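Morning, everyone. Please have the sequence and the structure open while I talk. I'll take a few places in turn.

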Amino acid sequence: MNKKQINNILIWFSAIVLIILIMTPGLWVVLTAFRPQVDVMAKPAVWIPRNLNLIQFETMLFGGSEGSMGRSPIPVLSYLRNSLIISFTSTFIAVLVGTIGGYGFARHNFKHKNKYFLLIMLTRTIPGISLSLPIFIIFSKIGLIDTHIGIILVFVALNIPFTVWLTDGFFRQIPRAMSEVAMTDGCTKLQAFWHIELPLSRSGIASAGIFAFLISWNEYALVSNLARSTDSKTLTVGLMDFTAQFTINWPGMCALAVFIIIPALILTFMVQKHLVTGLTFGGVKG
Amino acid sequence: MAKVSLQGVSKFYGKVQAVKKIDLEIIDKEFLVLVGPSGCGKSSSLRMIAGLEEIDEGVIKIGDKEMNNLEPRERNVSMVFQNYALYPHMTVEENLGFSLKIAGLDKKEIEERVHEAAGILDITEFLQRKPSQLSGGQRQRVAMGRAIVRRPDVFLFDEPLSNLDAKLRNQMRTEIKRLHQKVSTTIVYVTHDQVEAMTLADRIVIMKDGIIEQIGTPLDLFERPATKFVATFIGSPSMNMIKASIVKQNNELSMKTNDGIIVPVPKDKQNSLSVGQNISFGFRAEDIVPLKFGQKPSSAWEMQSSVNLAEPLGTETLIFTNFGEIEIVSRMFTPEQVKSNDVLDFALNLDRTYLFDENSGLAI
């Protein structure tokens, strides 16, 4: 064996160890979703599942009671509806506003431009959760607690800085001459943006969109404060419905977790190409 | 009919004045080349004509219409950029037809005009390709095609050949000239390459530091440079230039170089100079010939010098030699072998020396 082969083996070995470390909790969640509570709670732990079933999913989606712990089924479909409405709307608004902002920063010069940009980025340094109390107080005063609009507003504010940053980089990458040619070709500024610069930066916009969506879809801490009922609770907050005073329905909770992961996973695969461009691009940008 | 006129046009970038009150009349169907070193204001001038930069001072007219407050799209000009700026997400055909689509022409007419332009530039076979599948020269052709289809009043070229390799550049240069003959439209062409300027232009505008040094036909500039800068900028190799001061010798004015070499002032310049004046005198490589291998000019001044370096180029040989302390270059058209350290007699053709005032840089 030469040095190169040893190197290869080492790299593969470390990669596999790393993947196992990252994947195990996720796999455990998936596995738990299909196992009976007895198995899950067994001590010593049962590593290799002895029997698997779909009871938790049946209970969750169709309200079946067989084998469940006697709890009334949680309103998953309402939560799903809330999650979809909140995530898609907030993503759409954040990408729309963020892209316009990114374009503005990339293409126009105005006074204190760099300071404004820095200011927007600085908002990202504040941990979202630290804002939950002020947001709660403000929202309770203006009646936005437990509403879609309230949560959407929070997510939009959360996602715009990142969207601005990412799309700014993408617009910068497009030569200015591109829109200049379009303008001598008879376009207005808006037409040049629409026909030329927007299609050319769609990778950036797509990755900004997916990031924004995932952040909204997976957010727990803020929503758990702002959502009170089935009117606005999202799937992630719904996870807590599986805890009772003395027990936690682990298989049920994990089944819902799997249910949450699936759409995010599908979406990620769909735009994987754009996502990679977006990420690597962000990596080399100064 | 599209003449272009610039009247007292200025451009500021912050406090820097990139273009300083230039006046320029471009005749209809003329091929005008703006040339100069980088930062001379040539590109800014072009972009002001296109409407991509604001005009800070003065007036630009195309035809008889003032352009100052019109958007680029309202000026009916087409621009070809250095980096082509083809739309990468469109095929060649879509690239060519884009402006017509925006203008709202119907499909049939767009197709006709696209094919006509593609025919002129010989790119019909690439119509379905994306720009990334084209070579540099092909991309350049598409960029020109995109400019042609609009049938603009004026073509604007911003260093269109500087991204191409030398061979392709020569080929495209010829094509641009041919294109001008075919479409006969006013062209304003910016380049820093004096060879491009000389070969393409009907008239050349030489700019430096935001002002126009000289306007004229290529031959005008070559034969009658108005300033020292123009003299050294135009022509390849660059004109030999030597500093000297005027002295009186045997009742005639002569030029004494810093190394003490004394060269008589040409007859026709005797009355335009005064003793003590600081000047530069210049002569082109072909006007100083090795006597052994060339014909002695009628009013010759001779010197002996050894060869530093010889560059045989086939039809000619460039000989680098010293004029006092300063290295000059001589062009020899005889196919003879010359080696370094050969000592040769050179004859300078005094009738073809150019004198410039050292302070003003103006020709005497």
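Let me begin with a term: two strands pair if DSSP finds at least two bridges between them. Keep that in mind for the sheet. One caution as well: this is a predicted model.

So, the sheet in chain B. It is open and has 5 strands, in the order β15-β19-β16-β17-β18, with antiparallel pairing. Which strands stand at the edges? In chain B they are β15, residues 288-290, and β18, residues 326-332. Each has a single partner strand, so one side of each is left without a neighbour in the sheet. From one strand to the next, the twist averages 45°.

What holds strands together in general? Strands of a sheet pair through backbone hydrogen bonds, either parallel or antiparallel.

Now two helices, still in chain B. Find α4, residues 136-149, and α5, residues 166-183. Their axes come within 11 Å and cross at roughly 20°. That angle is under 35 degrees, so α4(B) is roughly parallel to α5(B). The crossing is right-handed. Who meets whom? From α4(B) come Gly136(B), Gly137(B), Gln140(B), Met144(B) and Ile148(B). They meet Leu168(B), Met172(B), Leu179(B) and Val183(B) of α5(B). By class, that contact has 6 nonpolar, 3 polar and no charged residues.

Over to chain A, and another helix pair. Here we want α3, residues 55-62, and α13, residues 250-270. Their axes come within 9 Å and cross at roughly 70°. The angle falls in the range 65 to 115, so α3(A) is roughly perpendicular to α13(A). α3(A) also passes α13(A) in a right-handed crossing. On the α3(A) side you have Gln56(A), Phe57(A), Thr59(A) and Met60(A). They meet Pro251(A), Gly252(A), Ala255(A) and Leu256(A) in α13(A). The classes there are 5 nonpolar, 3 polar and no charged residues.

Last stop: where the chains touch. How many residues of chain B are in contact with chain A? The count is 17, against 15 residues of chain A. On the chain B side, β6 (77-80) and α2 (92-103) each supply at least two residues. The largest share, 4 residues, comes from α2(B). That side of chain B divides into 12 nonpolar, 4 polar and 1 charged.

That's my tour. Thanks.

How values were computed: Residues numbered from 1 in each chain as written. Chains lettered and ligands numbered in written order. Predicted model: local features only at pLDDT ≥ 70, side-chain atom pairs only at ≥ 80, totals over all residues. Axes fitted to C-alpha atoms, helices over the stretch in contact; angles between N-to-C directions. Parallel < 35°, antiparallel > 145°, perpendicular 65-115°, else oblique. Left-handed = near helix turned anticlockwise from the far one by under 90°. Contact = placed C-beta atoms within 7 Å. Nonpolar A, V, L, I, M, F, W, Y, C, P; charged D, E, K, R; others polar.
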